[in-house]
Amino acid sequence: MPNPPEPLRGLGVSPGLAAGPVLPMGRPPELPPPPATTDPSHELATAVKALQAVRADLAERASNAPTKAARDVLEAQAAIATDPMLESDLAVRTERGEDAVHALHGTFDEYRRVLLDAGAHLAERATDLADIAQRAIAVALGEPMPGVPAPGHPFILIADDLAPADTATLDPGTVLALVTERGGPTSHTAILARSLGLPAVVGCAGLLNAAASANAASANAASANAASANAASANLAAATVDGTTGEVRIGVGEDEAAAFRRRGADMKARLANASRLPGSTADGHRVDLMVNIGSAADLAGVDLTGVAGVGLFRTEFLFLERRTEPAFDEQVSAYREVFDAVGDRTVTVRTLDAGADKPLPFLGLADEPNPALGVRGFRTARRRPEVLDTQLKAIAAAAASTSATVRVMAPMISTPTEAADFAERAARHGLADAGVMVEVPAAALRASALLQVAGFLSIGTNDLSQYTLAVDRQSGDLPDLLDPWQPALLDLIAMCTRAGRDAGKSVSVCGEAAADPLLAPVLVGLGVTRLSMSARSLPAVREALSTHDLAECEHLAERALAASDAAQARGPGGLVDVNSRRGG
Ligand code: PEP
Ligand code: MG
């Protein structure tokens with residue numbers, strides 16, 4: 001009997017249990033040294049054939065894409081691969097003596113540099129070009145194309161990290177779970193997994209090596225066993241993934257995998273059938289559960305029974321990709337659509353949060369060396385106050401004709417003066433309930449002063465982590481520092497809740513931390529009154545709260561605050577342990 005595999009531990013960022021064969025993302029091809037001599041017409045034909053194969057693959061994947069967003073990404077990539085300039089540039093290079101592989105690499109690299117030099121928005125397209133180049137080079141080398149594999153059976157996708165272009169076409173019907181070696185709680189992988197309802201673990205050190213050895217051992221065993229040689233998945237090691245605790249076991253036996261799958265199915269069924277009562281702890285302490293949205297489309301098909309409303313309406317998503325400011329009437333109808341969808345519930349509209357990770361070209365902001373520390377969020381009103389005023393006017397106009405309770409909040413508030421400025425502007429437009437987001441440590445440190453002028457606080461833990469621990473929220477290299485269990489982050493949250501209690505005003509968390517079913521009871525123990533998250537995360541958080549009474553939540557919060565780092569705050573002796581003692 002072989003020893004059970006040592007578990008790997010990362011950050012559980014999307015709850016759920018999955019078991020199945022592990023498959024890595026196809027790796028980008030390595031560029032071989034250039035050959036001494038070439039036959040230009042043969043090299044050109046090889047390069048062009050590779051491009052055609054990539055085009056055909058993209059077109060086919062576009063026509064089978066699981067979502068419209070996925071189809072749009074693939075069609076945009078196919079259009080790039082069809083540009084006739086590519087073939088003439090390839091001809092010039094092969095004529096100069098480059099082989100197919102280097103001609104493809106050089107041509108795409110030149111285009112990529114032009115886009116990167118063009119700055120923010122076009123620079124994002126550079127990733128698409130790099131992706132197409134790698135695919136074409138792989139074909140020219142006779143290797144499988146990099147990207148999400150399509151083995152013809154369900155599998156757990158593992159990768160160093162995942163970028164939007166990698167995952168746009170990911171089919172949640174075939175991918176059982178996502179596990180990455182890098183990436184943090186606000187990484188693309190985490191957000192994507194939660195939106196698709198897939199279990200996910202990020203920041204899982206040692207993942208790729210462990211999977212490679214386990215897959216090699218499985219392939220050896222399968223080749224020695226004629227009976228399993230026909231099964232497509234027999235060459236792959238099986239793994240279990242717990243998207244809540246972050247535990248990943250690679251190389252488990254079939255019995256263990258089957259038992260894990262049964263537990264996962266039971267958990268899913270329990271959550272699907274869980275009560276739709278308003279959120280509360282086991283002893284009835286009320287916690288408002290709310291949803292985060294980017295537009296009315298995010299509410300389609302969402303059951304709002306027992307949900308207090310929208311805790312974060314990210315309005316900038318309506319305006320991404322826009323070159324001109326959206327007209328007043330257009331804004332009114334977009335807001336009204338959301339207000340009408342929630343009945344008489346509350347909608348918390350966040351005013352434009354432009355800049356840094358959310359560039360909005362129509363604002364015409366100057367490029368900055370450190371955009372995350374620059375003119376972003378509420379600060380953009382220093383340059384373009386009329387944009388904020390138009391938005392507040394449009395929100396007020398839309399609110400006038402609905403039964404929803406509309407409140408507004410400003411992102412990236414740093415001082416009580418900014419908070420007062422925002423509240424005054426909102427009041428001028430008839431919006432009496434104006435709160436502010438706590439996303440920078442300065443705001444948490446002055447929470448009491450903020451609440452003298454603001455109606456409520458909503459803590460954006462994604463940004464608050466980035467600014468407190470001094471780690472770029474988009475970086476995949478320091479996941480432990482971005483972990484929302486960091487005691488320093490919890491300290492700042494506690495400062496806000498103390499201020500909220502003193503002022504008798506609500507303090508919510510609307511960053512990704514609110515969606516962690518292990519952390520949610522800790523946040524409630526710290527005094528958070530509202531939790532807002534993607535709709536898919538609600539059932540697990542609702543259940544987590546209902547299984548802990550308030551005293552237990554407070555005890556867990558004290559423990560977490562006393563820890564030296566995020567790993568210690570999570571357990572042992574914390575909720576992970578409490579839940580496993582309960583068999584959860
Ligand atoms: C946050 O920073 O936690 C937040 C909710 O805002 P966003 O993720 O949109 O920056
Ligand atoms: Mg933010």
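Predicted model: local features only at pLDDT ≥ 70, side-chain atom pairs only at ≥ 80, totals over all residues.
1. Turning to helix pairs, the axes of helix 1 (residues 40-63) and helix 3 (residues 84-95) come within 9 Å of each other and cross at roughly 150°. Angles over 145 degrees count as roughly antiparallel, and helix 1 and helix 3 are therefore roughly antiparallel to each other. The crossing in which helix 1 passes helix 3 is right-handed. Helix 1 contributes Pro40, Glu43, Leu44, Ala47, Val48, Leu51 and Arg55 to the contact, while helix 3 contributes Leu86, Glu87, Leu90, Ala91, Thr94 and Glu95. By class, the residues of this contact of helix 1 with helix 3 are 8 nonpolar, 1 polar and 4 charged.

2. For helix 18 (residues 487-503) and helix 19, the axes lie 9 Å apart and the packing angle is about 45°, which makes helix 18 oblique to helix 19. On the side of helix 18 the meeting residues are Leu490, Ile493, Ala494, Thr497 and Arg501, and on the side of helix 19 they are Leu519, Leu523 and Leu526. The contact of helix 18 with helix 19 divides into 6 nonpolar residues, 1 polar and 1 charged.

3. Leu545 is located in helix 20, residues 538-546, and counts as buried because its relative accessibility is 0%. Leaving out residues up to four places away in sequence, Leu545 touches Ser280, Thr281, Ala282, Val287, Leu289, Ala520, Pro521, Val524 and Leu531. Between the C-alpha atoms of Leu545 and Val509, which are 36 residues apart along the chain, the separation is 15 Å. The buried residues of helix 20 are Leu538, Ala540, Val541, Arg542, Ala544 and Leu545, and they pack against helix 9 (254-272), strand 9 (288-293), helix 19 (519-526) and strand 16 (530-533).

4. Thr351 sits in the loop between strand 11 (346-350) and helix 11 (380-383), and because its relative accessibility is 1%, Thr351 counts as buried. With residues up to four places away in sequence not counted, Thr351 touches Thr315, Glu316, Leu388, Gln391, Leu392, Ile395, Met409, Ala410, Pro411 and Phe422.

5. Met412 belongs to the loop between strand 12 (405-410) and helix 13 (416-428), and Met412 is buried, with a relative accessible area of 1%. Although Met412 and Phe378 are 34 residues apart in sequence, their C-alpha atoms are 5.7 Å apart in space. Apart from its neighbours within four places in sequence, Met412 is in contact with Asp353, Ala372, Arg376, Gly377, Phe378 and Arg379, as well as with Glu418, Met437, Glu439, Val440 and Tyr467.

Methods:
Residues numbered from 1 in each chain as written. Chains lettered and ligands numbered in written order. Heavy atoms only, no water. Axes fitted to C-alpha atoms, helices over the stretch in contact; angles between N-to-C directions. Helix = DSSP H or I, 4+ residues; strand = E, 2+ residues; numbered from the N terminus. Parallel < 35°, antiparallel > 145°, perpendicular 65-115°, else oblique. Left-handed = near helix turned anticlockwise from the far one by under 90°. Contact = heavy atoms within 4.5 Å. Nonpolar A, V, L, I, M, F, W, Y, C, P; charged D, E, K, R; others polar. Buried < 20%, exposed > 50% of the residue type's maximum accessible area, 1.4 Å probe, protein only.
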